[in-house]
Amino acid sequence: MTRVANKTNNIIDDLAAELKPVKVLRHPFMRAFPWLVFTVLYILLGIFLLGVRGDFISKLNDSSYIFEMSLVLVMSISATMCSLWMCVPDMRGQKWLVATSLTLISVVLAWIITQAVMNMDHVPFGYWSHCFSDAVFFGLLPAASIVFISMKGSTTQPYLMILMNVIAVSGLGYIGLRITCASDDIGHICVFHILPYIALGAFIGMIGRRFYRW
Amino acid sequence: MGIANDDSQNPQTDSWEELAILSQSGDKRAYRQLLSEIAPYIKVRISGGLANPDWSEEIMQEVLISVHKSLKSYCADRPFKPWLNAITQFRRTDFLRKHYKNKSAKEASQENTDIFSNNVTHDSHAGELLDIEKALGKIPDKQRKIFKLMKIEGYSAVEVAEEMDMSVSAVKVSAHRTAGKLKEMLG
């Protein structure tokens with residue numbers, strides 16, 4: 001035991017000897033805001049390149065469409081905030097952000113499942129849609145950037161942070177797809193707008209723990 | 001804050017918040033005091049419910065290294081203890097998860113804990129060197145090289161850091177982690 005205690009003292013000595021002034025992590029909001037701005041601009045660029053759906057103006061009068069978009073946007077912003085707060089070990093005491101985000105994710109899932117149960121008449125498997133590649137386009141760079149930003153922190157909840165990262169990216173990507181794709185078919189939405197992000201989430205989930213190791 | 005920079009040569013018994021802030025600005029004395037003061041606190045926090053009391057010392061060392069690595073994430077306007085407790089809990093869970101993931105370690109922990117204090121030259125440990133070599137073979141190349149240079153060939157952390165083109169801190173952390181991994185693998 002004495003040997004182990006000496007080792008602890010040695011570690012303390014080593015760590016103290018190596019100490020250099022550190023640049024304190026900026027406030028999570030100040031780290032989340034630039035990412036949100038970057039991602040929104042990136043998605044606007046994607047919308048500009050891919051083109052807005054033909055009936056977009058009329059869709060703005062569709063309360064169901066507006067509700068869906070607003071809900072997903074709020075969920076995405078909430079997940080972004082949660083992700084960046086999780087970069088601090090104790091989340092700066094803002095643990096309610098996790099509950100808020102999970103609640104919003106549950107509401108969105110409930111909304112999608114309800115739509116699927118009520119309106120899905122077929123599952124569009126067996127053919128390729130450009131929406132799949134568009135979803136990858138909308139998601140890839142924002143996902144890489146939020147993972148990079150999150151790596152700068154020291155999370156104590158790596159898996160939950162991966163989930164929040166994926167939800168943040170998926171939400172904004174989903175909005176981009178709903179603005180560019182004219183299809184309101186819930187089968188198409190589930191397979192080509194949501195499935196790519198589930199795949200992205202599974203992929204990041206498998207490798208993400210390595211990114212957030214510290 | 002109550003502490004001027006010129007007082008840092010002789011820090012009094014300050015709050016951990018103040019010591020952490022001083023540490024962030026590079027005050028080594030304050031940092032040493034902080035680490036020395038939090039070490040027993042961490043040990044008390046983690047020791048309850050551990051199958052092997054020796055683990056608490058190991059986990060405490062992991063927590064101290066984690067505090068060092070995440071010092072930048074401490075916010076001056078927040079209390080220190082919740083930040084430290086979050087790291088402590090995370091490292092404790094991480095340690096136990098890794099330990100019980102290793103089936104042989106799990107089996108060993110159910111036996112008499114005295115086995116851990118046996119001398120390596122004990123008769124029943126014949127061939128242990130081969131086991132160590134085998135376990136070392138499972139460690140990634142870079143980590144193995146660092147461990148061998150430091151712990152077997154006796155180079156200093158500074159020399160290994162120069163050789164590997166890494167920081168001294170990273171080399172020490174790597175060697176410490178490899179030692180932990182080997183300990184787990186060897187039960």
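By class, the lining of the largest cavity has six nonpolar, two polar and three charged residues; Ala, Val, Leu, Ile, Met, Phe, Trp, Tyr, Cys and Pro count as nonpolar, Asp, Glu, Lys and Arg as charged, and the others, Gly among them, as polar. This is a predicted model, where local features need pLDDT of at least 70, side-chain atom pairs count only at pLDDT 80 or more, and totals for chains, interfaces and linings use all residues. Residues are numbered from 1 along each chain as its sequence is written, chains are lettered from A and ligands numbered from 1 in the order in which they are written, and side-chain values use heavy atoms, leaving out hydrogens and water.

The cavity, then. A cavity is a set of points on a 1 Å grid over the protein atoms alone where a 1.4 Å probe fits but cannot get out, and lining residues have an atom within 4 Å of a point. The count is one cavity of 30 Å³ or more. The largest cavity has a volume of about 40 Å³, the volume being the space filled by probe spheres set on the points, which are joined across faces, edges and corners. Its lining includes Arg26(A), His27(A) and Arg92(A) as well as Lys72(B) and Tyr74(B).

Next, a helix pair in chain B. Helices are DSSP runs (H or I, at least four residues) numbered from the N terminus. Helix α1 (residues 16–24) and helix α4 (residues 80–101) of chain B pack at about 75 degrees, their axes 9 Å apart; axes are lines fitted to C-alpha atoms over the stretch in contact, and angles run from 0 to 180 degrees between N-to-C directions. α1(B) and α4(B) are therefore roughly perpendicular (65 to 115 degrees). Trp16(B), Glu17(B) and Ala20(B) of α1(B) meet Phe80(B), Lys81(B) and Leu84(B) of α4(B), contact meaning heavy atoms within 4.5 Å.

Notes:
1 Å grid on protein atoms, 1.4 Å probe; cavity = no way out; pocket = protein on both sides within 12 Å on 5 of 7 lines; lining within 4 Å. Helix = DSSP H or I, 4+ residues; strand = E, 2+ residues; numbered from the N terminus. Parallel < 35°, antiparallel > 145°, perpendicular 65-115°, else oblique.
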